[in-house]
Amino acid sequence: MQRLLCNRYPSAFLSLHSSLRSNPLTLACHPALGKQQASTMATENKQAEWEQVLKPNVPPYSVYKTLIAKSERDDREYRVIKLENGLEATLVHDAKTERAAASLDVAVGHLFDPDDMPGMAHFCEHLLFLGTEQFPRENEYSEYLTKNGGACNAFTSTTNTNYYFRVSPSALQGALARFAPFFHSPLFSPSATARELKAVDSENKKNIQSDIFRMFQVNKHLSKPNHPWRKFGTGNIESLSHAAKELQKKGLLEENGNKQTTGISASSTPIPSRPDTPASSAPSSTEFEGDGGAVGREIRRRLMEWWQAEYSANRMRLCVIGKESLDELSDTVSTLFSPIINKLVDPLPMINGHPFGPDEMGTIVSAQTIMNVYCLELSFPIPYQAPYWKYQPSSFISHFLGHEGPGSVHSYLKHKGWITALSSGVQQYGRGMGNLRVTIQLTKEGFESISSVMLTVYKYLSLLRSSELSPWYQKEISDLSALNFRYSEKRSPDHYAIAITDHMAYPIPRHLIISGPRVVQPWSLSDPENGGEKEMRKILDMCRVERSRALYMGPKEEFNRVNGAIDWQTEKWYGTQYYVERFDEEFLKEAKGPNDIPELFLPGPNAFIPTNLEVEKREVDTPAKRPYLIKETASSSLWHKKDDRFWIPRATALFSINSPIAYTNPRNATLTRVYAYLVADSLTEFAYDAELTSLNYGFAGTDLGLNVTITGYNDKLHLFAQTVFERARKLVVTQERLNVIKASLKRDWENAFMEQPSNLADSFMTDLLAEKRWPLRERLNEIDSITVEEVQSYFVKLLSEVNIKALVTGNMHKEDAIRLLDIAECELQSNATSARMFERSYIPRKGTDLVWQVAVPNPNESNSALTYHIHIGSRLDKRLRTTAQLLAQLMSDPAYNILRTREQLGYITFCGLIVTPGESELVLRILIQSERSPVYLEERANAFLDEMQGILEEMSGEEFEAHKKGLASKWKEQPKNLNEEASKFWRWIDNGFLEFNHNDTNAELLDDVTKADVLALFKSHVHYSSPTRAKTSLHLASQRPAPTYVSEQAFAIFAQEVKVANRDVDTIGWKDEVFAHGEPLVKQVIAYLLPILEDGVSDEGTVQHFRDRLTTLIEEYPAKTNALGKLRPESRLIEDVRAVRASRKLTDYPVPLVQWGDLPIAKI
C-alpha cells in the first residue's frame, strides 16, 4: 500500500515514525539559479504579483493578483493576501458552508526548542489557549466556540505548530477576535504556566507505553550527535524544569525567579512598538499564587523569551473559511492579525544537514516493543520533497514499493508467509529533511527471516533501477490525481484549512496553492533534464542498502529466541531498549546485486481506471433528506437515494449481512472474524488496483454477522462488487493462510489489552452493557484450536440463512441499486431467516450506584482510568434526548476546565453523551485517565457534579440561549460529501429505528427546552443525591504501586529536625526548589536531602534514622496527592458481571419511529 505521510505524529502502528533523513542536495532555490540571482528574481516577481489595498480604518494589505486555480466543480472563491507584517493568508468564501473555520500555522516546532528545554514548543502551544490580554479568562475561547457549535485544537510537529477551530458562520468574527491575540498578546499567567506544566507531563506519561512514540524517539535518538532531530518533542516536567533547577542550585536565580545574568525581564518584549506582553508591571504576590516558585518563574521567563523570539508574523500562514465575501474576510484578517509583530526572522527556517551520517546509515536497529508486534521499517534518506511538488518523484517510487498486485514485494512476501501488510510512503516531518520509507508487518516466520525480507525490498529497488520505467506509469498516476482533484468533495472546513496552511509552506506559486500539491504532472518528454524522470532517477539512486537504515521491532523474548543474548542499550525519555549493528559485508554484497527473484516484476496498466464519468444532474429545489425503501423481501431490504446534492460519478453501497449463528457462542464469534479476515486476505492482489482508483471495499466480521462496504467511482463498481461477494461464497481456506490469519488476529486481540486505560475502559464497559458481546478473553481462548475444515464448513452455515440490509447512494439509479443487491443475493445463495437480529443493551436499575473494579492488564502502565456512566433514559423519548444533549453540551467545557485544567487530574478528560449498544439508551459519560486512583477520580467526579449544579443554577438566560443556538446549528448541519450522507442514513437503517429526521426533530424540540428543564434533568438523573439515579462506573486501576508524595507540613518539620542536627538546610529556599511543581515524591525529597545528611556523616545508622523519621512524618501528615479517595456509602461493588447483566432488563427490539410508507407503492 502506498501511504502519503504528513508531518505530524502517527495515528496508527503502521505509521510508526522513523528518524527523518535529508540530503545535502536539498534545494533552497530553483536548481538552475544561483542563490543571489534566484533571490533577486523572486523579489521582482513578488512585487509584480501583488497589489496593495488601502482602506480607511483597515491596516494595509496586499492581494495576490492571479486567479487561484481550482477544480471546475469547486464553488468556493479563493484569495491570497499578505499583511504588512509578513503574515500570509488564504481566504475562502464558501456561501454554502455551515461551519466557518480557521487554521494558523507557525513555522516553528519542537526541533526549534532550546537545547536545554526539550518540549518548549509543545508547552507554548498548551499555554496559548489559557488567556490573552483582550480575553483574560482562561476558558473564554473554548467556551465561545462551544456555545456557537464549534471546537478547537492544536498540534506541535517538528518544524511547525498549527492552531485551528471551527464554529458557526455567524460567530466567525468573534472567534477570530479571540483567536488572533494568541499570537500577539498571550498572558502566560504564572498560575496557568505552572499548572499546564503538569498537563504536558501527563500527556507524555500517556505515551510512555505507546510503541508509536517509543519507536519514533528511538529513531530520533540514534541520529548524529547534536543534530536537532534528536530532540524530545513532547516534553515533561523534568525536561522543562531541569535548566531552571540547575540555575537555582548554582544560586543564579533571583528571589522572583529571574536569571540574574540575563538582560531581559520576565515580562518584557524586545519589540517596543506595542505594549509589553505579558504586562511588564511587577507582579503581585497574588498573581504568583501557585506559580511554581523560583523555578516556575524562571520556566515562565524562558517560555516568554522563546515565544518572543520565535513567534513572528512572517513565520505565520493563515487560512480562514467563511460565508463572508473575500473583501470582508480580507479586512477582518488584516484588522485582527496586523498587530502581530514581525521579528524579521527567517520566515521558513530549514533544518540544515541530515540527521543520518555515515555512522547511522547501513545499520539495523533492533528495538523492543511493548505490544506483541513484529515489524520492519526500511528508511532511505532523500531530499526535502516540498520543492518536488510538480512531479512528486518519491511518490512515484513509493507507488511501486507499496504495490500489492502480482509481481510486487507484497505479493512475493505474502506468498512466502512472511508478512501480513506492507506500505510505502514519503515522510516530510520537517523542512529540510526527507525520507522514503517501507513499513512491513511481519509474521513470526517473517521475523525469523528478516534478512530475506529486507533483501526482497533491495532486490525490487534493483529491478526498478535497471528497468525502463515508461512514461505511461507517471501519466497513469497523473491522470488519477487529476481525476480525484476534479471530483474532490468538501470535508470538515477546519481540516481543509489545516491542509491549505500546510501547502502554503511549499515553494509553490500562490495561484497553484490549491491544485499544485494535489495534481501530479506527467513527465515532460520534451525536457529530459527538468521533465520529471531525471529527478525521479536521482532519488531512486539514493535508495540503496548502504544509504538505508532498518528498524527491526518486536518483543524482547522474540529477539532472545531468534538472536540469543543481546547487549541492550536504553533510550533516555521512554526507556526503550535497543541494539545497533551494521549490515555485514555478505549481506551488503547480496543487497547491492541485481534482482534475481523471478517472482518480482513491474505492474501492468490499471484496469479499474473509470472511463464512464457521466453524471445525470437534475436540479432540485431541496435535496431529499432521506433514502427510499425500494425493495423488501423475506431476506432483504434495500434503501436507495439517487444523488441530488453532490453530483459526482461515485456511489456508496453498504450491506449488513446478519446471521443467527454469528453470535451464539464465543467460538462462532471468533470464527466469523477469522472468516472475514480470510476473505479480505484473498482479495488483496485483485483489489489493489481498484484501491488506487479510489474504488474501495471493506469486509468485516461483527457481533451480528458481516458488514460489507463498497465505495468509489460507479463505472466499475458492479463488477468489483460481484468479485467481492463471489470470493466470499467460494473462498477456499488453506492451512498456510489460516495460520497467518489466526496468528495475526490473536496478536491483535492480545495487544488490545495493552492499549491505554481510557481505551480499555470503554471496551470493558461495553462487555457489561451489550447483549451480544463475548468478552475478548473468551474469544482468545478459541483461536488456537480452529481448523481449516471448521472454517470451511462454518462460513457455509453462516451464509445459509441471513437477513440483508442494504443502502445504495450516489450516482446510481434505482435499477442499478437493485442490481447490486441482486448480485449480493445471487453470489451468497442464502435463504431467509425469521430471527430478529439487532444489537441490544442492558438497562441499569434506577436507584443503583455500582462500581466495577478491574486491574489494568499492562503491568507497566502507570495510568488508571475512570469511566463513569450515568443512565439518562430511552432515546425514543424525543424531548428527553433533546434536553440531555443540551445538558451534555453545557457540562462539556466545565468538566474539562475543572477536572483537567484546574485540578490537573490527567490529560485525557471527557464529559459527553453517548449511546449504548443498539443506540436505544442514552448515557452521560465522564472519562478520566490519570495517575491518581480511580476511587479518587470518582470522588472528584462527584465533586464536579456539585460544582456543575451551581454553574447551571447561576447561568444567565443569555448564555443558555447561546448554547441552544450553537447546538441547533450542529443538528441543522448538512452532509458535506457523499460518504457523510451515506453514513448518516446507514446509522438509522442499521439500528432499525429509521429516524432519518432525527436531527430536524431535535432542533425543533430544542426551541421549547428551558433552563428549568435542564436543571430538573440534572437533579433527577445526573446528581448523585437523586434517589432514582442509575449510575455504573468502571475503575480500571494500575497495577503499579501508587507513588508516595510528601506534604509541606511533613517536610517542614523534617527539614527543621535535620537543621537542629547541625545540618545545613535552607529552611527558606527549600519550598521553591522541592515544591516547585506541587507536592514532591519521596524519592525527590530524599534526592534533595540525602547529600546534606551524608555530608560528613560516616554513621549509616544516623542516615537511616532520618529516613525512618521521614516515613513516620509522611504517615502523620499525609500529602493531599496521596489521597486515595472514598466511595459513597451507597456505592456497591460488582462481584459478578454475569449476575449484574442477568439482573437487568434488556432494551426492546427496535421498531421504526417513523412509518415512511415507501412500500407497497414503490415495491418492485
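Predicted model: local features only at pLDDT ≥ 70, side-chain atom pairs only at ≥ 80, totals over all residues.

Reply: Residues are numbered from 1 along each chain as its sequence is written, and side-chain values use heavy atoms, with hydrogens and water left out.

The phi angle of Phe188 is near 50 degrees, a positive value in a residue that is not glycine, and Phe188 sits in the loop between helix H4 (172–179) and helix H5 (190–207) (helices, H or I of at least four residues, and strands, E of at least two, are DSSP runs numbered from the N terminus). Asn57 also has a positive phi without being glycine, near 65 degrees, and lies in the loop between strand S2 (50–55) and strand S3 (58–64); with 79% relative accessibility, however, Asn57 counts as exposed.

Burial also describes helix H10 (residues 393–401), where 9 of its 9 residues are buried, among them Phe396, Ile397, His399 and Phe400. Cys375, at 0% relative accessibility, counts as buried, whereas Cys152, at 26%, is partly exposed. The closest cysteine sulfur to that of Cys152 belongs to Cys124 and is 16 Å away, too far for a bond; with a disulfide taken as a pair of cysteine sulfur atoms within 2.5 Å, the count is 0 disulfides.

For helix packing, the axes of H21 (residues 717–730) and H26 (residues 814–828) come within 8 Å and cross at roughly 20 degrees (axes are lines fitted to C-alpha atoms over the stretch in contact, with angles from 0 to 180 degrees between N-to-C directions). H21 and H26 are therefore roughly parallel to each other, a term for angles under 35 degrees. On the H21 side, the contact (heavy atoms within 4.5 Å) includes Leu717, Ala721, Phe725 and Arg729, and on the H26 side the residues include Asp816, Leu820, Ile823 and Glu827.

How values were computed:
Buried < 20%, exposed > 50% of the residue type's maximum accessible area, 1.4 Å probe, protein only. Parallel < 35°, antiparallel > 145°, perpendicular 65-115°, else oblique.
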